[in-house]
Amino acid sequence: MKKNPFDRVEIADGDITRERVAAIVNAAKRTLLGGGGVDGAIHRAAGPELRRFCETLDGCETGDAKITPGFLLPAPFVIHTVGPVYRDGRHGEPEALVSCYRRSLELAAEHGCASIAFPAISTGAYGYPFDEASRIAIRTTIRFLQAHPLPKTVRFVLFGERDAAAFRKVLGNIRSEDAPQSEP
Ligand code: ADP
């Protein structure tokens, strides 16, 4: 295992449905029955068997996650997590978003996934301010990786170079805040 959790995080610009990782994360709705945005893209790429499987799961609470096969996707697993709908940040949204990342990482580890790819959960239709959401994504991931050997690699796959650059900046900032302060 790489010792430094920051070296286990990758940031890319792309379409998450094409990722060849053990698990991709879906920003799902509570029904788990598909929707727009990344959810729609994942269901289209996985094929109709994904929806049929999801119908047996009885939905998912906000902040929680459930795992399914990836069907026609290159990724063997999809982890469906339900992000909070953003109101003003004082209705439990940060805690729910932290929980989405943590629960997804826990499920990946339990299923032996060496690699996982996340989109920027809640930052599309659910309206979470992008910078705040990216800080929560990175911080929660780093904390989890500090304590767990799996997943070995966490990729954030962002839709567009601007979003990827914003994530890279946040990763750099958090890395320098965490660095030992002893150097002159
Ligand atoms: P939510 O309802 O959680 O806000 P959305 O799907 O509307 O979910 O948006 C979440 C993020 O996923 C947005 O930043 C959006 O740009 C991004 N996104 C949409 N499609 C894809 C895709 N195919 N791959 C990666 N990210 C995507």
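Reply:
**Helix packing around α4**

In this predicted model, α4 meets α5 through Phe130, Asp131, Ser134, Arg135, Ala137, Ile138, Arg139 and Gln146. The α5 side of that contact is Asp163, Ala166, Phe167, Val170, Leu171, Ile174, Glu177 and Asp178. By class, the contact of α4 with α5 holds eight nonpolar, two polar and six charged residues.

Now the geometry of this pair. Helix α4 covers residues 130–147, and helix α5 covers residues 161–178. Their axes come within 9 Å and cross at roughly 50°. The two helices are therefore oblique to each other. The crossing of α4 past α5 is right-handed.

Helix α4 also packs against α3. On the α3 side, the contact uses Pro94, Leu97, Val98, Tyr101, Arg102, Leu105, Glu106 and Ala109. On the α4 side, it uses Ala133, Ile136, Ala137, Thr140, Thr141 and Phe144. The contact of α3 with α4 divides into 10 nonpolar, two polar and two charged residues. Ala137 is listed in the contact with α3, and Ala137 is also listed in the contact with α5.

Helix α3 spans residues 93–110. The axes of α3 and α4 come within 9 Å and cross at roughly 40°. An angle under 35 degrees would count as roughly parallel. The pair α3 and α4 is therefore oblique. Here too the handedness is defined: α3 passes α4 in a right-handed crossing.

Next, the chain beyond α4. Pro151 sits in the loop between α4 and β6. The peptide bond from Leu150 to Pro151 is cis. Its omega is near -10°.

In total, 27 residues line the largest pocket. Those nearest its centre are Ala27, Gly37, Val38, Asp39 and Gly124. The lining residues of the largest pocket split into 14 nonpolar, nine polar and four charged. The space in the largest pocket is about 580 Å³.

Leu32 is in the loop between β2 (23–27) and α1. Leu32 is not a glycine, yet it has a positive phi of about 60°.

The contact with α5 includes six charged residues, and the contact with α3 includes two.

Conventions: Residues are numbered from 1 along each chain as its sequence is written. This is a predicted model: local features need pLDDT of at least 70, side-chain atom pairs count only at pLDDT 80 or more; totals for chains, interfaces and linings use all residues. Side-chain values use heavy atoms; hydrogens and water are left out. On a 1 Å grid over the protein atoms alone, a cavity is a set of points where a 1.4 Å probe fits but cannot get out, and a pocket is an open set with protein on both sides within 12 Å along at least five of seven lines; lining residues have an atom within 4 Å of a point. Grid points are joined across faces, edges and corners, and a volume is the space filled by probe spheres set on the points. Ala, Val, Leu, Ile, Met, Phe, Trp, Tyr, Cys and Pro count as nonpolar, Asp, Glu, Lys and Arg as charged, and the others, Gly among them, as polar. Axes are lines fitted to C-alpha atoms, for helices over the stretch in contact, and angles run from 0 to 180 degrees between N-to-C directions. Helices (H or I, at least four residues) and strands (E, at least two) are DSSP runs, numbered from the N terminus. Angles under 35 degrees count as roughly parallel, over 145 as roughly antiparallel, 65 to 115 as roughly perpendicular and the rest as oblique. A crossing is left-handed if the near helix is turned anticlockwise from the far one by less than a right angle, and right-handed if clockwise. Contact means heavy atoms within 4.5 Å.
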